[in-house]
Amino acid sequence: MRRDIGTHTRVPQVRSEIQQPPEPDFSLSLSEWERQRTRIRRRATLLQISSRFDQGENLQTTAWQGSLCPMIRLVAFLFSMALASAQSYSPVAEAPPAIAREFRGAWIASIYNLDWPSAPGLSASSQQAELRGILDKLNALKMNAVIFQVRPQCDAVYASNIEPWSASLTGTMGRSPGYDPLSFCIKEAHARGIEVHAWFNPFRALANSSAPVASNHITRILPQITKKYGSMTWCDPASEQTRDRALAVILDVVKRYDIDGVHLDDYFYPYPTGNLTFPDGKSPAQRRAYVDGFVASLYASVKNQKSYVRVGISPFGIWRPGVPAGIEAGLDGFEQLAGDSRKWLKNGWLDYLAPQLYWRISPQKQSFPLLLDWWRQQGSRPVWPGIATARIGGSEDKRSASEITNQIDLSRKIGKNWNGHIHWSAKSLVRNQGGIATKLASTYTQPAAIPPMPWLSSKAPSAPGVSASVKGDSTIITCTPDRSTAKFAIQAKISGSWRTVKIAPSSSASITIPKATTIAVTAFDRFGNASAPKVLGLR
């Protein structure tokens, strides 16, 4: 009867597949690798059973077999195999290579539904599924930060007692989407080892003045501090109420949410429209003074509340036309947008500057490397350029995906500060525009840790408690963090080569990686400080 067992005829194929188990494929995600491992283990079990049949163990004729239930013998056999294969790790005197440090970010814009959600009025579950999809893609690309827009136009993509719900969510300003998007984003991103920087527009009231607004929108409750400019409505930065309200909104989020950063864009004053003049009666120098005061106050206030929360600003990419020599621009951000971003960088009123360097490497009049080199000489804080991934294949300059990867390569070579860059925007990566996501696989070869902030803290967390064991073709790692630990970086030596295989939140109960001969676990705190690695090798 046993000859009718369907698996018996598959033994030669199964045996050939597992006699030479495949080397771990680092191009696979961990979930894909887990599925491959499970298939191979199931086939191995079938081979063990069939091999015993081949050796003549006839269940009907062997006397001692007849005295035991075949199922019990099978369970005992598998249990003994598991015990025989169990291996554990102990400390070893080996130094792993340094972990790569790079800020790899992407903007997620909610205004006009540019990146997320894809349309107003989607159900909560659909919005959440879309956001998970974005985060899954960024995680698969080995990126580590999102710049998530939470205040597009004096509204809120989170639960606020100060401002109304954003119309980008439901189609109606003030209507709840039925959940808290910022809270959801933080939970999902942190589970993937991704930072969340909450992105605010401090002074734009309405991108379209004719749009319907909620009863508690600033144009209803404080119309005296708003001014119309072309088709937009703006909160006047010259008004102390404008600045105080923007600061209160930002600090409310810093206090209530577990964000990793606060991010402002370039909209301090509106971009020029025709021959229109912003109707405040102020000079460019006066306007710069208002913005400078706001930026300095914001930085001090955020640090007073949660010192580890990074403050970043993304200004227009050219400080002034003609600076550095040979640079041309049709806009003077210093005069027309009141953005003295060089001063903010020099004075240390931010933790990173992300100038929007949306131009190509050549020609020289708006050269990406020429501008980046100049910016990185203007202060001691990191400069992480914004790069225009969205322009791949577009009408503006018809750039290829190689332009973007070449810019990333240049950003790793120019200047002496910590590396980093931010993609405009996430949608281009998710839809693999021009093959950019495919090419980035060769650019982001291993996970990278967020750079540190030594100007705020240089106290390293304690080395984590680590234990590990082998289960099949996997290594199972358990880490015990100290109170300051936010993340773990896992390095593994497999087939004689070290790689960083995962950066995981400190809340991870256990971490599964391909079987390694040696592992190293490093703890990171919220400032980006790293512990000494805890290194274990197979006994």
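Let's start in the middle. The largest nonpolar core here has 91 residues. A nonpolar core is a set of buried Ala, Val, Leu, Ile, Met, Phe, Trp, Tyr and Cys residues joined through side-chain atoms within 4.5 Å. Buried means under 20% relative accessible area, with a 1.4 Å probe and protein chains only; exposed is over 50%, and partly exposed lies in between. W116, F148, L182, F200, I259 and F268 have the most contacts inside this core. Take F148. Leaving out residues up to four places away in sequence, F148 touches I108, W116, L131 and V157, among others. Contact means heavy atoms within 4.5 Å.

A word on the source. This is a predicted model: local features need pLDDT of at least 70, side-chain atom pairs count only at pLDDT 80 or more, and totals for chains, interfaces and linings use all residues. Residues are numbered from 1 along each chain as its sequence is written, and side-chain values use heavy atoms, without hydrogens and water.

How confident is the predictor? pLDDT is its confidence in each residue, from 0 to 100. The protein chain averages 90, and 84% of the residues score at least 70. Over residues 1-21, though, pLDDT is below 50. Residues 49-68 also stay under 50. Where pLDDT is low, the predicted coordinates should not be read in detail.

Now two helices. Helices (H or I, at least four residues) and strands (E, at least two) are DSSP runs, numbered from the N terminus. Helix α5, residues 124-140, packs against helix α7, residues 181-191, at about 35°, with axes 10 Å apart. Axes are lines fitted to C-alpha atoms, for helices over the stretch in contact; angles run from 0 to 180 degrees between N-to-C directions. L131 of α5 is one of the residues that meet α7 there.

On to the sheet. It is open, has eight strands, and pairs antiparallel, in the order β16-β15-β18-β19-β1-β13-β14-β17. Two strands pair if DSSP finds at least two bridges between them.

Look at β15, residues 485-494. Eight of its ten residues are buried, so the strand is largely enclosed by the rest of the structure. β15 pairs with β18 over eight bridges, and Q491 stands opposite A520. With β16, β15 also has eight bridges; here A492 partners R499. The hairpin of β15 and β16 has two residues between the strands, and S495 takes a positive phi near 55°.

Key:
pLDDT = per-residue confidence, 0-100.
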